[in-house]
Amino acid sequence: MSSVQSPIPQFDQAPLPLKLYFYRMQPSDISDVLAIENDVYPFPWTRGNFLDSINSGYETWILRDGSGALNGYFLLMPSLDDAHLLNITVQRDLHGRGIGRLLLDKAKAITLERDLHALLLEVRPSNVRALKIYERYGFARIGIRKGYYPAPDNQREDGIVMKLVL
Ligand SMILES: CC(C)(COP(=O)(O)OP(=O)(O)OC[C@H]1O[C@@H](n2cnc3c(N)ncnc32)[C@H](O)[C@@H]1OP(=O)(O)O)[C@@H](O)C(=O)NCCC(=O)NCCS
């Protein structure tokens, strides 16, 4: 397993029983990542997508609990002015327990460490829950990417572009 980067103290409200740790995603983590990715998304990223992001030097992070179980992950592509959140995912059984917020907090901290002042992401209009979570976190809708996502029956779904100014 990769080396510990930053321990996160237990929640005061204790929604999660164990301490959580961020690690940089390594190629050896991708099997665990794919187990969550394939479970959560109808059109999941592939092993190659994750490997390309690691090899491109993007900010690729995983969150494991004290027992080593993978709780979630995100991939962030820094550019000149902002950072683009390419993927943020929490293990299905842990949704709604604050882990997404931890991942967003870490993505925000990395963005600021790089002296960048905005986070961007795309989300499907049909992903109402994620949309609400991002809006609650402070993201604003700034545009639409037509046909950005694959959809069933060879259709495409738009992507709502959201921005968080830091
Ligand atoms: C989207 C996702 C990453 C969010 O992670 P999560 O751990 O479920 O989210 P959290 O529990 O941290 O919730 C974040 C905030 O949204 C709020 N929230 C959670 N569910 C909500 C809902 N259904 N409606 C409105 N707000 C909600 C939480 O209260 C929390 O706000 P708070 O910290 O101010 O209380 C996660 O649900 C996920 O992996 N979903 C499937 C994959 C996906 O859709 N990824 C995003 C693709 S763009």
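Reply: A residue counts as buried if 20 or more other C-beta atoms lie within 10 Å of its own, as exposed if 12 or fewer do, and as partly exposed in between, with C-beta atoms placed from the backbone. The model is predicted, so local features need pLDDT of at least 70 and side-chain atom pairs count only at pLDDT 80 or more, while totals for chains, interfaces and linings use all residues. Residues are numbered from 1 along each chain as its sequence is written.

The helix is α1, residues 30-40. Helices are DSSP runs of H or I with at least four residues, strands are runs of E with at least two, and both are numbered from the N terminus.

I30, V33 and I36 of α1 are buried. Seen down the axis of α1, its buried residues fall within an arc of 125°, so they line one face of the helix. That arc is taken from the directions from the helix axis to the C-beta atoms.

Now the other side. The face turned away from the buried side of α1 carries S31, A35, N38 and D39, which are exposed.

Next, the cover. The buried residues of α1 are covered by elements including α2 (47-55), β3 (59-65), β4 (70-78) and β5 (83-90). Contact means that two C-beta atoms, placed from the backbone, lie within 7 Å.

Finally, I30, which is found in α1. I30 is buried because 22 other C-beta atoms lie within 10 Å. Not counting residues up to four places away in sequence, I30 touches R47, F50 and L51. I30 and G48 are 18 residues apart in sequence, yet 9.5 Å apart in space, C-alpha to C-alpha.
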